[in-house]
Amino acid sequence: MINNTNQDNTIDIAWERIYKRFEQDDLLAQREISSKRTIFYAHGFRWAASIAILCICVVSVRLMYQQGKSTESKPLILFNEMNAPTLATAFEDGSIVYLSEQATIHYPGHFQEDKRMISLKGDAYFEINQQLGRPFVIDTEMAEIEVLGTFFHVKNGDNAPFTLSVRNGEVKVTLKKNNQMMLIKAGETATLASDILQLTQNESHQFANCFNKVRFKDERLDNIVRIINLNTSSQSRIEVSPEQENRLLNCTIDFSSDTPEEMAELIGMALNLTYSKHNDIIYITK
């Protein structure tokens with residue numbers, strides 16, 4: 001059986017704390033402090049105030065929820081500085097973008113159900129995960145690019161003509177000025193000249209420069225490891241223990257000189273982790 005006296009004392013102590021917090025935060029007018037203190041301790045008013053504060057809390061939670069939804073809908077921005085290595089990041093769908101210097105992308109925190117859309121200014125390489133019925137669309141100043149799953153390079157800077165080169169897969173490009181549409185297949189490059197897309201064959205070296213050095217900025221460890229494994233020529237592969245996958249890391253990987261073992265060592269030093277190798281698997285753990 002609950003002791004009503006003890007319960008009332010507990011409630012009085014709780015309201016005293018709330019009252020003091022209101023008083024400290026200047027939520028009570030000074031001339032009304034003495035009278036409000038008396039009212040706070042009135043038994044009937046306590047329950048009425050409880051209901052009022054509960055309503056305030058519900059409204060506050062709803063406002064916070066709406067603000068959270070509003071924040072989530074705002075586009076995210078990623079910019080790579082001048083004279084900086086390629087900046088890589090992974091989207092929520094697993095697709096990867098490699099930004100050249102002074103390139104910028106705007107993208108949502110969560111893609112729509114029917115399409116994945118971002119905007120690009122500058123040069124970038126894309127590796128897009130295929131999702132049938134959910135195309136990946138890139139909006140640029142000159143054209144709109146639509147892909148399902150492929151690896152390609154977009155040149156979209158101020159000092160060079162719009163160019164799109166496809167390493168594998170197929171990409172559809174539609175010019176905004178005249179609605180010219182072109183399908184670009186693996187091994188082909190489309191270049192904008194005199195407001196017309198012209199098709200040529202890829203040059204052998206044009207994808208290599210992207211992976212000399214790749215920088216990661218507050219990137220999840222599992223995404224960094226996946227990008228390393230996709231772009232290293234070594235037979236060795238890096239794996240990371242599940243409890244470490246969400247760790248965030250800033251680092252630069254030199255694919256032209258670093259071996260996977262050296263990359264694993266760099267990650268281990270940065271995050272205070274260790275690594276071991278068994279056959280061709282390098283395992284990073286705590």
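This is a predicted model: local features need pLDDT of at least 70, side-chain atom pairs count only at pLDDT 80 or more; totals for chains, interfaces and linings use all residues.
Which residues line the second largest pocket? The lining is made up of Glu101, Gln102, Lys121, Gly122, Asp123, Lys155, Asn156, Gly157, Asp158, Asn159, Ala160 and Pro161. If you sort these residues by class, you find two nonpolar, five polar and five charged ones, and the space in this second largest pocket comes to about 280 Å³.

Together β2 and β3 form a hairpin with five residues between them, and in the turn you can find glycine 94, which has a positive phi of about 95 degrees. Four bridges also join β3 to β6, residues 124–127, again in an antiparallel arrangement, and here valine 97 faces phenylalanine 126.

A search of the whole structure finds seven aromatic pairs, and one of them is formed by phenylalanine 91 and phenylalanine 136, which are tilted at 45 degrees between the planes, with 5.7 Å from centre to centre. This pair links distant parts of the chain, since phenylalanine 91 sits in the loop between β2 and β3 while phenylalanine 136 belongs to strand β7, 45 residues apart. Phenylalanine 91 is buried, with a relative accessible area of 5%, and phenylalanine 136 is buried as well, at 0%.

Phenylalanine 126 and phenylalanine 152 make a stacked pair, 5.4 Å centre to centre and with 20 degrees between the planes. Because phenylalanine 126 lies in β6 and phenylalanine 152 in β9, the pair ties together parts that are 26 residues apart in sequence. Both of these phenylalanines are buried, and one aromatic cluster takes in Phe91, Tyr107, Phe111, Phe126, Phe136 and Phe152.

Finally, is arginine 116 buried or exposed? Although arginine is a charged residue, arginine 116 is buried, because its relative accessible area is 0%, and buried means under 20%. You will find arginine 116 in strand β5, residues 116–121, and, leaving aside residues up to four places away in sequence, its contacts include Asp93, Phe111 and Phe136.

Key: Residues are numbered from 1 along each chain as its sequence is written. Side-chain values use heavy atoms; hydrogens and water are left out. On a 1 Å grid over the protein atoms alone, a cavity is a set of points where a 1.4 Å probe fits but cannot get out, and a pocket is an open set with protein on both sides within 12 Å along at least five of seven lines; lining residues have an atom within 4 Å of a point. Grid points are joined across faces, edges and corners, and a volume is the space filled by probe spheres set on the points. Helices (H or I, at least four residues) and strands (E, at least two) are DSSP runs, numbered from the N terminus. Buried means under 20% relative accessible area, exposed over 50%, partly exposed in between (1.4 Å probe, protein chains only). Contact means heavy atoms within 4.5 Å. Two strands pair if DSSP finds at least two bridges between them. Rings of Phe, Tyr and Trp (its six-membered ring) pair if their centres lie within 6.5 Å; planes under 30 degrees apart count as stacked, over 60 as edge-to-face and the rest as tilted.
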